[in-house]
Amino acid sequence: MRTLRSRLLAGYAALVLLTVVLASGASLLLFDLQGRFRGQADMATMALQLAATVGDRLRAEPGVDAGTVLSDAVRQSPIGRPPFAEALLVDSEGLVIGAPRRTSSLVIAARFRPGPIGSPDHPRIGLVQLADGLRMNFVAAPVADRRPDAPPRWVVVARPSREIRGLWRTMLPSSVLVGTIALVLAGIVSWFLARTITRPVEAMTAASALLAAGDYSVRVPDGDGQDEVSRLARAFNLMANDVGEAHRRQREFVANVGHDLRTPLTTVRGFAEALVDGTAHTPEQRAHAVATIRASATRMADLVEELLMLARLEGQGAGLELAVVPVADIIAGATTASAGAARERHVRVHADVRGVAADGEPLAVRADATWLIRALANVLDNALRYAPRDSVVAVRARLEPAATSAGSATRSAPTDPVPPDGRRLSPASAEMVAIQVMDAGPGMPPDVAARAFERFFRADPARAAGNSGLGLAIAREIVEAHGGTIELTSEVGHGTRVTVRVPAAG
């Protein structure tokens, strides 16, 4: 009983056996009751017929012997005597006063007490035990002798109880044969049914072992059914796909981190060796080496800081201090943080904040200003990186219903912001503030735009100098922690638009 299939087969076998036993027992019981009823009905019919015949004969011939009359009536009866039945004539005390020849002395010596007779049409049923222990069922019918001086007499038809009550024994071999055939057929059906249930479970068990061993491409047949096993198979395939995707992203993450750290580390080690072995011997060479080492160290520190930030955001360890913040302050903080990059790339940032809240106050959001400014600054920095020289990056904010959504390359966000203790809260308002950042850059094809929020992803490696590929990933985590969404739409030759939606202040 260690396997699921063996337990199912045992359960089916026990259920079928119990069903067969109960059905057979009920059938035998009903057959026995029916046989008993029929036997007693035949005895009652014979007793009434004999009582009428004997009564007529005794009235016509008062001096005739009662036993002879009864014998003649039995011999001339049109229905005949049932097998092993005895026909007797008894008095009011139940003593036999007449019986056919060859009637057993034990039967004649017995006392058949019919009890009070209610009606000639309703014979009385009784039970008597002979001297040798044999039990007999009998039916007594009153003799229809209407003479005033005629003593009460009854015709009794008696049969051994085992002949009436033991009819089920004749059906027992047939019941055993039918039950055995039913058990065999049910066992075959149960085996196929158990195999149908356990085969997909065994397939999932084997697939789970392969998945645990590192084969993330394993899948199980799920079919199109809506039963529990089919849904379990689809859930397993979805889990396997997610685990494989997570493993792939982990490998890419480690490879990207190693790649992004290898270059500055190589630079630091090379210039440090140049300082140690005297290759950089002039003051200008030493100053250049020190500056390069410092820049590489800064780049590594920024990368590590961004990775730690992502870890804190994913674990919700950073916490958010939510407050009502004007949208204009968020946009102003982000544009100030990106002002240096804008000047360096000769790109102008144009901010347009319109719309008011329902109470007439300036447009505001419920957010942690520091974190949300950082998210928007990362989006701005990405737009500035790909915007053409002397172009304009537009930033605008609008108030819109919470159900508004558009664009491609999106990722579903949690519905609740995360307060400092890590618990999620429902948004304070059904309205959302949408902040859009639009550039006039070269745009991206759909397959590239779909990966824009992946870590270390760079749409154009040629423009990736100093870019870790974590900016939009960090922005996404920050926005989602606020209970908002972030999405990117892009078209080749028509620029890119990133929309950040966060709950409006209620």
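Among contacts in the chain (heavy atoms within 4.5 Å) between residues at least 6 apart in sequence, 70% join residues at least 24 apart. The model is predicted: local features need pLDDT of at least 70, side-chain atom pairs count only at pLDDT 80 or more, and totals for chains, interfaces and linings use all residues. Residues are numbered from 1 along each chain as its sequence is written, and side-chain values use heavy atoms, with hydrogens and water left out.

The chain has twelve helices and 13 strands. These are DSSP runs numbered from the N terminus: helices are H or I of at least four residues, strands E of at least two. Of the 506 residues, 38% are buried (under 20% relative accessible area; exposed is over 50%, partly exposed in between; 1.4 Å probe, protein chains only). The chain exposes about 27700 Å², with 58% supplied by carbon and sulfur atoms (Shrake-Rupley method, 1.4 Å probe; for residues, only the protein chains shown count as cover).

The largest nonpolar core holds 48 residues. Such a core is a set of buried Ala, Val, Leu, Ile, Met, Phe, Trp, Tyr and Cys residues joined through side-chain atoms within 4.5 Å. Val 327, Val 393, Ile 435, Val 437, Ile 486 and Leu 488 touch the most other members. Helix 10 (residues 369-386) gives the most to this core, nine residues. Beyond four places in sequence, Val 393 touches residues including Val 347, Leu 380, Leu 384 and Val 437. A second, separate core of 21 residues includes Leu 50, Val 139, Ala 141 and Val 157.

Last, a loop. Gly 225 lies between helix 5 (168-212) and helix 6 (228-277). Gly 225 counts as partly exposed because its relative accessibility is 24%. Leaving aside neighbours within four places in sequence, Gly 225 contacts Ser 230 and Arg 234.
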